[in-house]
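Hi,

Here is the structure I said I would pass on.

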There are 2 protein chains.
Amino acid sequence: MNATTIAQRMESWSFPPRYDASYRPPNDARYWNPVRETMPPAERDAAIAVRIGEVMRYAYATSPFYRRKWDDAGIDPESIRTLEDFERVPVVTKAELRASQAAHPPYGDYLCIPERDIFHIHGTSGTTGKPTAFGIGRDDWETIAENHARILWAMGFRPGDTIFFGAIFSLYLGSWGAMVGAERLGCRAFPFGAGAAGMTARAAQWLDIVKPAGFYGTPSYALRLAEVAREEGYDPRAFGLKTMFFSGEPGASIPSVRDRIEDEFGCRVLDCGTMAEMTPFMSAAGTKETPEGMMLFQDMVYHEVCDPDTLRRVPYGAQGTPVYTHLERTSQPMIRLLSGDLTHWTMDENPCGRTYPRFPKGVYGRIDDMFQIRGENVYPSEIDNVCNAIAGYGGEHRIHITRERTMDELVVRAEYTAAVGTGGDAAVAAFRRQLADQLRKVLGVGAEVEPVPPGTYERTDFKARRVVDDRDLYGQVFERARFETSRKW
Amino acid sequence: MNATTIAQRMESWSFPPRYDASYRPPNDARYWNPVRETMPPAERDAAIAVRIGEVMRYAYATSPFYRRKWDDAGIDPESIRTLEDFERVPVVTKAELRASQAAHPPYGDYLCIPERDIFHIHGTSGTTGKPTAFGIGRDDWETIAENHARILWAMGFRPGDTIFFGAIFSLYLGSWGAMVGAERLGCRAFPFGAGAAGMTARAAQWLDIVKPAGFYGTPSYALRLAEVAREEGYDPRAFGLKTMFFSGEPGASIPSVRDRIEDEFGCRVLDCGTMAEMTPFMSAAGTKETPEGMMLFQDMVYHEVCDPDTLRRVPYGAQGTPVYTHLERTSQPMIRLLSGDLTHWTMDENPCGRTYPRFPKGVYGRIDDMFQIRGENVYPSEIDNVCNAIAGYGGEHRIHITRERTMDELVVRAEYTAAVGTGGDAAVAAFRRQLADQLRKVLGVGAEVEPVPPGTYERTDFKARRVVDDRDLYGQVFERARFETSRKW
């Protein structure tokens, strides 16, 4: 079957995308777009290869950024006909996007639509350097809504369900994308937000009043919310949540974190999300029947997992860094955006029947988050996992990496629970021992554990930052060396 | 001309309202809906009287709350045929809404649509008591967008203008209503938000990057933003704002506050807003050519200014409390909602050519905000106005009302500027004297002024609370007496 015939079978498969805003499957349908979600992967890949050509020709014609980049690399969009050809296209880095916006403020010369057609402005937080601006066209906003509605459907949401959004509404695109998806699906959106003083206690009050079916936020915030809710006299399980879905942090795919959240709220926990630049960011998401890890909805965003040195795809089963390509965005399409994240991917039969590949453990780290302790690679998410699996763990910890004498030292300062605290020195010592043993077993290196009382560390309304690397004192040279090292796993 | 003939001439005049989402006037048109905005007031009133009948019959049929309330009062919706008849309809108080929601959680028995048709949930902050929930239907959301687009058009915004929203996106409906209006109009929405740590400095950074045409927030926040922007090395005038519009506080209609904001940002300042329950709350708003005070778009929301005792309309030119009625909402229509606010209204020729009445000084207080000092009525907004008009004023103040010995004492603690501070004791004393003289002149009673250094008081991201009434210690009885007193101006 050739790509044209395939495309004719796929629902609303056109570029630029045009969707019927009144479309909605019957409530008992499992799939929003049954053909696109369950078709043979090889046929879908053939259609994606054609689509990539359309997106590249569009970007080449409308964006000086892409034209310059591809001309410099000797890439003619017409020559990209297969997914293998596409691996030759150079990746886009965040640094390139920042440079483009500095030279062509505020949207960069990868804005492919007239500025007057921009519908919404969002951006990165810029906590580490100059922020980048997202200029999102009206058509793209509708496509984002359509795509997120399709994912929320796969998560099990149906029209009339209330979804509570417990994440800040600002530059951060996560909350907005999820909200417009809920609106498109016919859910009741409760955009509560987060981040201002006193909001967490009020979130608990409103969850108790409204009893929503769904919750969106970061895993760190969900755990904090459970704590605050109990302090305020609420039982988080009594909120009656059925599904909580998370992005912004790896937590929801870290088994022990997921277990804690499921246990606190008594509901299904799903992970989703790639990058703000890639919105519809939920193109990678857990589904109701395939809740672990994230399914890759390849016909929305084309996900590749690549060797960080060659930037070519690694085989299914292998580890690498995700590289993302928009198939349905026209304002600032990202074509092979390098994430710098870390994951592995698989292509197995999925319980939900979708024929997509998956990130079975989510996105579990950053290439540059990994650190080496005495020759062993360690990811912060592994330590999170160990902590959260220990019964006496009080909910927060910090990871300190220091270089005393000549050797790197790993110190994990972990809160114990109030119950452990009332058990006195013996109980605290037992907690310390248990955590240290488990860390050595999982990490392969010893970590010093320093138990600290419950509530020692600030909780976050957003993304947690738990690593304190005192070796930063050694400066840029060391940093670069560490990055080079970390790329050679 | 009878009401039916009139209605046929008015654009999109139907209940329930249905608007063409693709409609937009040409850019050089002054009016979004020329007929509705410039028709003879008597003809508009005739159409409104008919519409009120439709809204009342709808609410009577779908809401146990209204049915019970009107049956108890002996009001038959069929008997309400004129605007004078309508004055007999009992007002709705916020306490009644809270009681209805307590008995019928979460939306109360004044929800007139099936719960499954609710599109968005918002609410009051509940900082003073149990919050109330807003369940807004999808049709209403579209009507809100249409109405706010019409007001933003009157303010001078046109498709392609960027509007920066510097107010929190959460329960608070203000930011959402203004944003969906901007979206509907074809503006670029930049929903930055406010309220989280560090956001004000970042707001300044983004205003400098994006150079929006418009800004929405509270007046207090705009003044704080100007301060922070200068600390961060930005000139607020260089943001290039053309129009800032405000709600949530009386500030934008207080001449000296408006002057300060205009001076800081070098742009037009417009006031708007009624109450969250009344969204589309911008039904009262300043327009480009009639910038002072607020025009009452009577065909969106029917505004009455009433004697707080009789709850019947006062004549144009007189003072009273606004009572609001939705003409275009179907989910939780408010029919004669008592605001408890304080204003006066006029019906003069408007420079913009609209034939609506106005609140020429905005909404300048609350019935229960007024306090008496030695027999004189004092409103906090009058004190705000005096402070902001003094050159050496540092930007914040607090109003302390105490009862020492047997007499009420009014103490205004006001920040002076850094410039006054460097002038030493003499300069501070001169500032104190000037402010005290001016307060005595405007208020008619003496106030003790205590100058305090710049930066003494916390700035707010939202609505300022400046009155500290130590007489609250005297408890409920005194409070009630004070409320009764205050109603008899």
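Let me start with a pair of helices in chain B: α9(B) and α10(B) are roughly perpendicular to each other, because their angle of about 75 degrees falls in the range of 65 to 115 that counts as such. Bear in mind throughout that this is a predicted model. Helix α9 of chain B covers residues 199-210 and helix α10 of chain B covers residues 219-231, and their axes lie 9 Å apart. On the α9(B) side the contact is made by Thr200(B), Ala201(B), Ala203(B) and Ala204(B), which meet Arg224(B), Leu225(B), Val228(B) and Ala229(B) of α10(B). By type, the residues of this contact come out as 6 nonpolar, 1 polar and 1 charged.

Next, how the two chains relate. Chain A goes onto chain B by a rotation of 180 degrees, with 0.0 Å of shift along the axis and an RMSD of 0.0 Å. The two copies are thus related as by a two-fold rotation axis. If you want to find that axis on screen, go to Ala196(A): in chain A, its C-alpha is the nearest to the axis, at 2.3 Å. Both copies use the same surface, since 100% of the contact residues of chain A recur in chain B.

Then the core. The largest nonpolar core has 234 residues, and the members that touch the most others are Phe165, Met244 and Ala285, in chain A and again in chain B. I took a closer look at Phe165(A). Setting aside residues up to four places away in sequence, Phe165(A) touches Ser175(A), Ala178(A), Met179(A), Ala189(A), Phe190(A), Pro191(A), Phe192(A), Gly193(A) and Tyr216(A).

Further along chain B, helix α12 (residues 380-389) is mostly covered, with 8 of its 10 residues buried. The buried ones are Pro380(B), Ser381(B), Ile383(B), Asp384(B), Asn385(B), Val386(B), Cys387(B) and Asn388(B).

And what about Met1(B), buried or exposed? Met1(B) counts as exposed, because it has 10 C-beta neighbours inside 10 Å and the cut-off for exposed is 12 or fewer. Met1(B) sits in the segment before α1 (3-9) of chain B. Apart from neighbours within four places in sequence, Met1(B) is in contact with Ile6(B) and Glu43(B).

Cheers

Note on methods:
Residues are numbered from 1 along each chain as its sequence is written. Chains are lettered from A and ligands numbered from 1 in the order in which they are written. This is a predicted model: local features need pLDDT of at least 70, side-chain atom pairs count only at pLDDT 80 or more; totals for chains, interfaces and linings use all residues. Axes are lines fitted to C-alpha atoms, for helices over the stretch in contact, and angles run from 0 to 180 degrees between N-to-C directions. Helices (H or I, at least four residues) and strands (E, at least two) are DSSP runs, numbered from the N terminus. Angles under 35 degrees count as roughly parallel, over 145 as roughly antiparallel, 65 to 115 as roughly perpendicular and the rest as oblique. Two residues are in contact if their C-beta atoms, placed from the backbone, lie within 7 Å. Ala, Val, Leu, Ile, Met, Phe, Trp, Tyr, Cys and Pro count as nonpolar, Asp, Glu, Lys and Arg as charged, and the others, Gly among them, as polar. A nonpolar core is a set of buried Ala, Val, Leu, Ile, Met, Phe, Trp, Tyr and Cys residues joined through C-beta atoms within 7 Å. A residue is buried if 20 or more other C-beta atoms lie within 10 Å of its own, exposed if 12 or fewer, and partly exposed in between; C-beta atoms are placed from the backbone. Copies are superposed by least squares on the C-alpha atoms of residues with pLDDT of at least 70 in both.
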